[in-house]
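Thanks for passing this one along. Here are my notes, point by point, for you to read beside the model.

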Amino acid sequence: MPDSADKHLHSNTQQSSMTFRHKYQFWLMLFAALIILQLPFVSIPFKWLESYFHEISHGLAALLTGGSILQIQLFPNGAGLCTTRGGSSFVISLMGYGGAILWGCLIYSLASVNRRIAQAFSMLLVALFVFSILLWVRDLLTLFIVLVLLALVIAQLKYSSQKYLQNLLQITGLLVLVNSLMSPLYLLDGQSRGDGAALANLTYIPEIVWVVLWLSAGLFATYRLSKKSFTRSR
Amino acid sequence: MQINNAANNISQTPIVLGNNSSVQALEQITRVTARENLASEENKNQQSQADINSRQRLDIDDQAIALIEREQLPSSNVNSNRQANSQQNNSNSGYDAPPSQNQLAVAAYQSVGSIAQRDNIEQIFGVDLFA
C-alpha cells in the first residue's frame, strides 16, 4: 500500500512538472535564447542567421515588387548588405527588420505544429541557403558564413533525433526573433544610417518612428507566439 | 505633313496679302527673325547649362573613383609591401584590374559615412544598397 501511494505521488509530481514545462515552454525557450545570445562564440552563428534573414527579406521584397537581387553580403560582425536594382524602395527598406521578425515567427510556428512539418521546413531552409549561394553570394566571406548556416541546419536535421528537432528549430526561431527585436535599437546611434534613415528620407517620418514600429511589431509577435504556445499546452 | 512653324507663315503671307500689307509682312519678318535669334540664344544657354551639369556629374564620378582608390590604396600598399619582401621587382599587378560594378558600388558605399554621399554613389552605379 505505501508503495502504490509513493508511485502515485511520483507520477503526480512527474505530471505536474510536465505540465509546468509545457505551460511555460515558450518562456523557457525565450530565456534560453537570451542566454545563448550572451555567450561569446556560440552566439555568432545565430547573429549571422538573423543577418541572413534580414538581407534575404530585403531581397525577396525587391523580387516581389518587380526588382532584382544583385548581391547579398554578410559580414562576421553580424552586419549585412543587400544590393538590389528596381522594386519599391519603401517596401524593400521596411522588410529588412520586418522580414526578420516574420522569419522568426514562421520558424517557431511551423516547428511547433508537428515533427514532419518541422523536418519539411528545415529542408526548405536548406534549399533557400543553397539557392542563395548559387544566385546571390559573390564573395568568399559571405560564402563561408552561409555555408556555416547551411551546416547548422543540416546538423539539426541529421544529428538531432526527430524529438529534439522541433525544440531546436523553435529555439532557432526565437533566436532570430530576439535578434530582430534588438537589431533596430542599433539604429538609434544618431548617425542616420540604415533602413530607418532610408525610410525617413523616403517618407519624411522620423527614423525613431520606424524603430518604434519594428520594436512594437517584434514585441507583438513575441506576445502572440507566447499566447499561442500557452493555448496549445492546455 | 506640313509643320506649321513661323518660317512657313512668312514665305506665304506677302503673296496672299498683296502690296498693302507688305509693311506688316516686313514687321512680321523682323519679329520672327528676332524670335529665332532669341530661341537660338536660349538653345545655346541650355546647351551650356547641360555642359555644366555633365561636368558636375563628371566631378561626382571623379570623387567616387578617388574615394574607391583611397579605400583600396592601403590594402594595395600592404600587398605590395608583402610582395617586396619576397620579390622586389614584382609590382602590384592586380591593382589596375577593373573590379566589377557591384564590388565598386559596395566598396564606395562602405567607404563613406554620410547618407548624402551614399545617395550619390547609389545614383552613379544605378543600384540600391540596403544594410
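1. Of the 131 residues in chain B, 18% count as buried, that is, under 20% relative accessible area with a 1.4 Å probe and protein chains only, where exposed is over 50% and partly exposed lies in between. This is a predicted model, in which local features need pLDDT of at least 70 and side-chain atom pairs count only at pLDDT 80 or more, while totals for chains, interfaces and linings use all residues. Residues are numbered from 1 along each chain as its sequence is written, chains are lettered from A and ligands numbered from 1 in the order in which they are written, and side-chain values use heavy atoms, leaving out hydrogens and water.

2. The secondary structure of chain B amounts to 4 helices and 1 strand, in the order α-α-α-α-β along the sequence. Helices (H or I, at least four residues) and strands (E, at least two) are DSSP runs numbered from the N terminus. Among contacts (heavy atoms within 4.5 Å) in chain B between residues at least 6 apart in sequence, 37% link residues at least 24 apart.

3. Now for chain A. Its 234 residues are 44% buried, and its elements are 9 helices and 2 strands, running α-α-α-β-β-α-α-α-α-α-α from the N terminus. For contacts in chain A with a separation of 6 or more, 69% are between residues 24 or more positions apart. Chain A exposes about 12300 Å², of which carbon and sulfur atoms supply 68%.

4. The two strands of chain A deserve a look. Strand 1 (residues 68-74) of chain A is largely enclosed by the rest of the structure, because 6 of its 7 residues are buried. Strand 1 runs antiparallel to strand 2 (residues 80-85) of chain A, joined by 6 bridges; strands pair if DSSP finds at least two bridges between them. Gln73(A) has Leu81(A) in strand 2 as its bridge partner. The two strands make a hairpin with 5 residues between them, and Gly78(A) in the turn has a positive phi of about 95°.

5. Which residues does Cys105(A) touch, leaving aside those up to four places away in sequence? They are Leu177(A), Ala221(A) and Leu225(A). Cys105(A) sits in helix 4 (residues 89-113) of chain A and counts as buried because its relative accessibility is 15%. Its C-alpha atom is 8.0 Å from that of Thr222(A), 117 residues away along the chain.

6. In helix 8 (residues 194-203) of chain A, the buried residues are Asp195(A), Gly196(A), Ala197(A), Leu199(A) and Ala200(A). Just after helix 8, Tyr204(A) has a positive phi of about 65°.

7. Finally, the interface. Chain B contributes 15 residues to the contact and chain A 22 residues. Together they bury about 1500 Å², 49% of it on carbon and sulfur atoms; buried area is the accessible area (1.4 Å probe) that two parts lose on being put together, summed over both. On the chain B side, the elements giving two or more residues are helix 3 (101-111), helix 4 (115-125) and strand 1 (128-130). Helix 3 of chain B gives the largest share of that side, 5 residues.

Conventions:
Accessible areas come from the Shrake-Rupley method with a 1.4 Å probe; for residues, only the protein chains shown count as cover.
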